[in-house]
Amino acid sequence: MPAETVIAIFDIGKTNKKLFLINTDYKIIFERSARITETIDEDGDACEDIKSLTAWVFDALREVSALEQYDITAINFSTYGASFVCLDETGNTVTPLYNYLKEYPEVLKRKFYSAYGGEEEFSYNTASPVLGSLNSGMQLYRIKYEKPELFARIKYALHLPQYFNYLFTAKMLSDITSVGCHTNLWDFQKNEYHNWLRQEGVIEKLAPLFPADKVTKTSLPGENYVVGSGLHDSSAALIPYLLNFHQPFVLISTGTWCISLNPFNSTPLTRYELANDCLCYLSYHGSAVKASRLFAGFEHEQQVNRIAHHFNQTSVKYQCMKFDPEIILKLQTGHKLTSNHKIGRTILKQSIFAQRDMQSFASDEEAYHQLILDIVTLQLASTQLVIEGTEVTRIFVDGGFSKNAVYMNLLASFFPGHEVYAASVAQATAIGAALCIHSHWNKKALPNDIIELKYYTSKSIK
């Protein structure tokens with residue numbers, strides 16, 4: 001029996017590292033995952049162990065390459081963002097893979113923004129809120145001024161997906177999806193690298209941009225597969241939707257963060273949007289994707305634990321809570337503390353549920369419905385920031401909240417003029433990375449059935 005043609009996708013998250021084999025029908029037929037213990041950088045801060053991660057990638061690929069039932073014809077990568085791997089002239093790493101949560105020196109931050117127009121103006125031009133180390137360009141700026149000798153040794157700084165491409169191709173590449181995600185690198189007004197990179201001598205340490213939908217050949221002896229340049233994970237997860245739906249839509253990707261992504265909003269980011277946690281990504285074709293963020297998944301987890309503790313329940317109970325419209329009607333008419341989403345012109349960072357007295361609820365079901373009502377009130381405001389002024393008629397929700405009946409029914413009722421769907425793509429990030437280079441490894445037509453949809457009506461509350 002001939003070996004089955006597959007693509008190998010490395011999907012590298014902060015916690016879980018995964019290798020998938022995906023066949024030509026875009027079915028995941030093999031999965032291997034690992035958790036790699038963090039190490040520390042020179043300051044004692046936790047960071048990714050790049051050596052162990054590199055070893056795991058090669059070990060995992062070696063394992064699946066030995067399986068005779070699969071013919072690996074291509075490889076691609078998707079990873080978390082804000083992650084530079086710095087290499088010297090010989091291609092060896094010269095810095096740790098710094099954690100994007102690493103605290104950024106206030107003095108250095110003030111020096112940077114005062115030199116380049118101030119926080120508001122600079123953030124407006126780069127569509128990057130001030131996020132410290134999470135603005136990956138700031139990591140290179142810090143090395144330059146804190147460790148100038150080390151900065152001089154850096155030949156290329158590659159974002160993590162492109163570092164993996166380098167391991168397999170020996171080519172130094174940059175990718176627009178990694179450059180264009182809250183990095184402080186890209187000037188969205190001019191559609192090019194920001195001028196500060198030239199003034200600070202950083203531009204020459206960035207490898208040439210390479211199209212995300214193109215491939216290069218592996219440099220490993222005895223192998224003949226092609227290799228994609230790699231993608232930022234948020235951009236990769238959007239690809240299945242971009243290829244399957246051509247009418248304007250917004251995707252609310254839910255997890256710890258709930259990120260509303262509108263690839264059909266090309267208007268420049270406004271200062272008001274920026275002040276309310278909006279930013280822009282670049283799609284794999286280089287077009288701007290306006291996005292708004294809400295820390296709702298984190299809040300949900302914290303407040304569910306609070307509800308469970310007060311009512312002496314297990315938090316697992318709320319993973320499959322049924323929607324009860326009667327409870328919502330009672331809450332909307334009887335509660336003294338109404339749901340709110342703003343202070344002045346600023347959208348709240350978290351809902352007002354933390355201020356609510358658990359004693360005021362007759363049951364944990366009632367408390368949970370109030371929590372989701374408060375969260376969806378904020379979600380409405382957050383998502384409207386990227387919908388306003390566009391022709392979006394459909395909203396897709398993927399991730400954890402897409403399986404939450406209370407959330408989905410309330411969201412549909414809050415967007416009566418839109419079609420609201422719970423969407424499911426098994427391992428959307430990995431599938432997106434495979435779809436991105438489809439024509440280079442797959443002779444079949446692009447699939448149109450990889451996204452499962454469940455429609456929620458806006459009439460869920462009478």
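Just after helix H3, Ala 127 takes a positive phi of about 50 degrees. This value comes from a predicted model, as do all that follow. Ala 127 has this positive phi although it is not a glycine. The residue sits in the loop between H3 and helix H4 (136–146). Is Ala 127 buried or exposed? At 1% relative accessibility, Ala 127 counts as buried, because the cut-off for burial is under 20%.

In H3 (residues 119–126), Phe 122, Ser 123, Tyr 124, Asn 125 and Thr 126 are buried. Their cover includes helix H2 (106–115) and strand E9 (186–187). It also includes helix H8 (196–199) and helix H10 (271–275).

Leu 206 lies in the loop between H8 and strand E11 (215–217). Its relative accessible area is 9%, so Leu 206 is buried. Which residues does Leu 206 touch, leaving out those up to four places away in sequence? They are Phe 84, Leu 140, Tyr 156, Ala 157, Ser 174, Tyr 193 and Leu 197. One of these, Ser 174, is 32 residues from Leu 206 along the chain. The C-alpha atoms of Leu 206 and Ser 174 are separated by 7.0 Å.

The next element is a sheet. Strands of a sheet pair through backbone hydrogen bonds, either parallel or antiparallel. Here, seven strands form an open sheet with mixed pairing. Their order is E16-E17-E15-E14-E20-E21-E22. Which strands stand at the edges? Strand E16 (278–282) and strand E22 (452–456) do, each with a single partner strand. One side of each is therefore left without a neighbour in the sheet. From one strand to the next, the twist averages 25 degrees.

Within the sheet, strand E15 (residues 258–262) and strand E17 (residues 288–294) run antiparallel. Five bridges join E15 to E17. Leu 261 has Ala 291 of E17 as its bridge partner.

Helices pack on this sheet. Helix H9 (residues 233–244) touches strand E14 (249–254), E16 and E17. H9 also touches strand E20 (394–399) and strand E21 (419–424). The direction of H9 makes about 135 degrees with that of E14. Helix H13 lies across E14, E15, E16, E17 and E20. H13 runs at about 160 degrees to E17.

H13 also meets other helices. Two packed helices are described by the angle between their axes and the distance between the axes. For H13 and helix H14 (residues 405–414), the angle is about 45 degrees and the axes are 9 Å apart. That makes H13 oblique to H14. H13 passes H14 in a right-handed crossing. On the H13 side, the contact is made by Tyr 368, His 369, Ile 372, Leu 373, Ile 375, Val 376, Thr 377, Gln 379 and Leu 380. On the H14 side, Val 406, Tyr 407, Leu 410, Leu 411 and Phe 414 take part. By class, this contact of H13 with H14 has eleven nonpolar, three polar and no charged residues.

A further contact joins H13 to helix H12. The axes of H12 (residues 325–334) and H13 (residues 364–387) come within 10 Å. They cross at roughly 70 degrees. H12 and H13 are therefore roughly perpendicular to each other. H12 contributes Ile 327, Ile 328, Lys 330, Leu 331 and Gln 332 to the contact. H13 contributes Glu 365, Glu 366, His 369, Gln 370 and Leu 373. Which classes of residue make the contact of H12 with H13? There are four nonpolar, three polar and three charged residues.

Gln 427 is placed in the loop between E21 and helix H15. Gln 427 has a positive phi of about 55 degrees although it is not a glycine. At 28% relative accessibility, Gln 427 counts as partly exposed. H15 (residues 428–436) has nine of its nine residues buried, so this helix is largely enclosed by the rest of the structure. Among the buried residues of H15 are Ala 428, Thr 429, Ile 431, Gly 432, Leu 435 and Cys 436. What covers the buried residues of H15? The cover includes strand E1 (4–12), strand E2 (17–23) and strand E3 (28–34). Strand E6 (70–79), strand E13 (231–232) and H9 are also included.

Technical notes: Residues are numbered from 1 along each chain as its sequence is written. This is a predicted model: local features need pLDDT of at least 70, side-chain atom pairs count only at pLDDT 80 or more; totals for chains, interfaces and linings use all residues. Side-chain values use heavy atoms; hydrogens and water are left out. Axes are lines fitted to C-alpha atoms, for helices over the stretch in contact, and angles run from 0 to 180 degrees between N-to-C directions. Helices (H or I, at least four residues) and strands (E, at least two) are DSSP runs, numbered from the N terminus. Angles under 35 degrees count as roughly parallel, over 145 as roughly antiparallel, 65 to 115 as roughly perpendicular and the rest as oblique. Contact means heavy atoms within 4.5 Å. Ala, Val, Leu, Ile, Met, Phe, Trp, Tyr, Cys and Pro count as nonpolar, Asp, Glu, Lys and Arg as charged, and the others, Gly among them, as polar. A crossing is left-handed if the near helix is turned anticlockwise from the far one by less than a right angle, and right-handed if clockwise. Two strands pair if DSSP finds at least two bridges between them. Buried means under 20% relative accessible area, exposed over 50%, partly exposed in between (1.4 Å probe, protein chains only).
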